[in-house]
Amino acid sequence: MSILVTGGAGFIGSNFLHHLVETTDEEIICIDKLGYAGSKSNVPEGVKLYVTDICNEFNCAYVFKRHKPRTIYHFAAESHVDNSIKNCDPFVESNIKGTINLLNLAIQTEVDRFMHVSTDEVYGSIDVGSFTEDSNYSPKNPYSASKAASDHFVMAYKNTYGLPAIITNCSNNYGPRQYTEKFIPNTITKLLAGEKVPVYGDGKQIRDWLYVQDHCEALIEICKKGNVGEKYNIGGECEMKNIDVVKMIIEHLNLSEDMIEYVVDRPGHDRRYSTSIDKVRESIGWSPRFSFEQGLKQTIEWYARN
C-alpha cells in the first residue's frame, strides 16, 4: 500500500507530508516539479520524491507503475491569482491538463481513493451567508476558473469511469512553508525586513482563514469517512478583513500602522469568502482545532526563524 501526494514540496502539500510521516507507516510517494513556490527542503525524510511535472505523462506513468498507489492526494497546482491574471497558460496546463493526466493514470491503476484538493474560490464572491457544497460555481479570475474546471473533470471521471474520487474545497490557508507571494507570509516577511506592506483597495476584503494543520487533519478524516462522489467544504470558521489581519501582525511585531501602504485593487478581486463546514462537521466529525490567534502566532514565529 502506498500514498501518492502531488505538489508535496509546496505549501499545503509539504505540511500534509509532514503530517503523514508522523501518523502512518505506509509508503509515501511525492511528485513535484519543484517550481518557484516549491522546495526540496520542504519534503520530509522518508518520503520518496520524484521531481517531475504532473503534465509529463511518461514520468508520471512510471511512478504509478512502480508504486501502484492506492490513495492519491492531489495538491499540485498553480495557485497565485495575480500570476493567473498576468498569464493564465501555466494555470491551464497544470490545473486542468495535469489533473486530467493524473485522472487517467488513477483509472488505469484502479486506485482506492482520489482526493482532489480544491478551493472555495470556485464559488466566487458572496455577500450574505456562506458557501455550501451546493453553491453554484462562479469563478471570477483565471486561477479560480482553472480550479473549477479541474473539479468538473474529477466529477466527470467519477460519473463516467467510476473513479472513487472526493473533492474538497478549502478556504484560505495560512501557516509554515507558504511561499512569500501570498498575503500573510508577504505581510510578515516585508515587516520583518522593515518594508511597507501593500494592501489592495480599502483592505476590507473578507477571507475565511484556515490553519494548514487543521486542513491536513480534515483531509485524513474525509478520506477515511467521506463518501465517494461527494464534495466537502473545509473552512476555519474565521472570517477576517485583510486590513485587520495586517494590523494584528503589526501589533504582534510591535510595529506602527505607518507600515501599511494602500495600493490599487487588483482586477476581479472577490470581496468576501465565507465557507460553511456544517457538512464536514456533521458527517465526518471534524472541526478546526486552532484559533486564528494561535495559528497566526505560530506562523509569525516560523517566518521569524526561517
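## Gly 129 and its contacts

Gly 129 touches Arg 272 and Ser 274, leaving aside residues up to four places away in sequence. Contact here means heavy atoms within 4.5 Å. Gly 129 and Ser 274 are 145 residues apart along the chain, yet their C-alpha atoms are separated by 7.2 Å.

Gly 129 sits in the loop between E5 and H5. Helices (H or I, at least four residues) and strands (E, at least two) are DSSP runs, numbered from the N terminus. Gly 129 counts as partly exposed because its relative accessible area is 36%. Buried means under 20% relative accessible area, exposed means over 50%, and partly exposed lies in between (1.4 Å probe, protein chains only).

## About the model

This is a predicted model, in which local features need pLDDT of at least 70, side-chain atom pairs count only at pLDDT 80 or more, and totals for chains, interfaces and linings use all residues. Residues are numbered from 1 along each chain as its sequence is written, and side-chain values use heavy atoms, with hydrogens and water left out.

## Asp 120

Asp 120 is found in the loop between strand E5 (113-119) and helix H5 (142-161). Its relative accessibility is 0%, so Asp 120 counts as buried. What does Asp 120 touch, not counting residues up to four places away in sequence? The list is Phe 131, Asn 169, Cys 170, Ser 171, Asn 172, Tyr 273 and Thr 275.

With Thr 275, the link is side chain to side chain: a polar contact of 2.9 Å. A polar contact is a pair of N or O atoms within 3.5 Å; within protein, one must be able to donate a hydrogen and the other to accept it, and residues adjacent in sequence count only if both atoms are side-chain atoms. Glu 133 is 13 residues from Asp 120 in sequence, and their C-alpha atoms are 9.6 Å apart.

## Salt bridges

How many salt bridges does a search of the whole structure find? The search finds 13. A salt bridge is a side-chain nitrogen of Lys or Arg within 4 Å of a carboxyl oxygen of Asp or Glu. One of them joins Arg 266 to Asp 82, with the closest N and O atoms 3.1 Å apart. Arg 266 lies in the loop between strand E12 (260-263) and helix H9 (278-283), and Asp 82 lies in helix H3 (residues 81-86), so the pair ties together parts that are 184 residues apart in sequence. Arg 266 counts as buried at 19% relative accessibility. Asp 82 counts as buried too, at 16%.

Arg 271 forms a salt bridge with Asp 202, with the closest N and O atoms 2.7 Å apart. This pair also links distant parts of the chain: Arg 271 is in the loop between E12 and H9, Asp 202 is in the loop between strand E8 (197-200) and strand E9 (206-211), and they are 69 residues apart. Arg 271 is partly exposed at 36% relative accessibility. Asp 202 is partly exposed at 35%.

Lys 97 and Glu 93 meet through their side chains in a salt bridge (3.0 Å, N to O). Both lie in helix H4 (residues 89-109), four residues apart, about one turn of the helix. Lys 97 is partly exposed at 45% relative accessibility, and Glu 93 is partly exposed at 36%. Elsewhere, Glu 237, Asp 278 and Arg 281 are linked in a network of salt bridges.

Is strand E2 (residues 27-32) largely enclosed or open? Five of its six residues are buried, so strand E2 is largely enclosed by the rest of the structure. Two strands pair if DSSP finds at least two bridges between them.

Strand E1 (residues 2-6) pairs with E2 in the parallel sense over five bridges. Ile 3 stands opposite Ile 28 in E2. Strand E3 (residues 48-51) pairs with E2 in the parallel sense over four bridges. There, Asp 32 has Val 51 in E3 as its bridge partner.

E1, helix H1 (residues 11-23) and E2 make a right-handed β-α-β unit. Right-handed means that, with the strands pointing away from the viewer, the path from the first strand over the helix to the second runs clockwise.

## Cysteines

The count of disulfides comes to zero. A disulfide is a pair of cysteine sulfur atoms within 2.5 Å. The sulfur of Cys 216 is 10 Å from the closest cysteine sulfur, in Cys 170, which is too far for a bond. Cys 216 counts as buried, at 0% relative accessibility.

For Cys 238, the closest cysteine sulfur is also in Cys 170, 14 Å away and too far for a bond. Cys 238 counts as buried at 13% relative accessibility.
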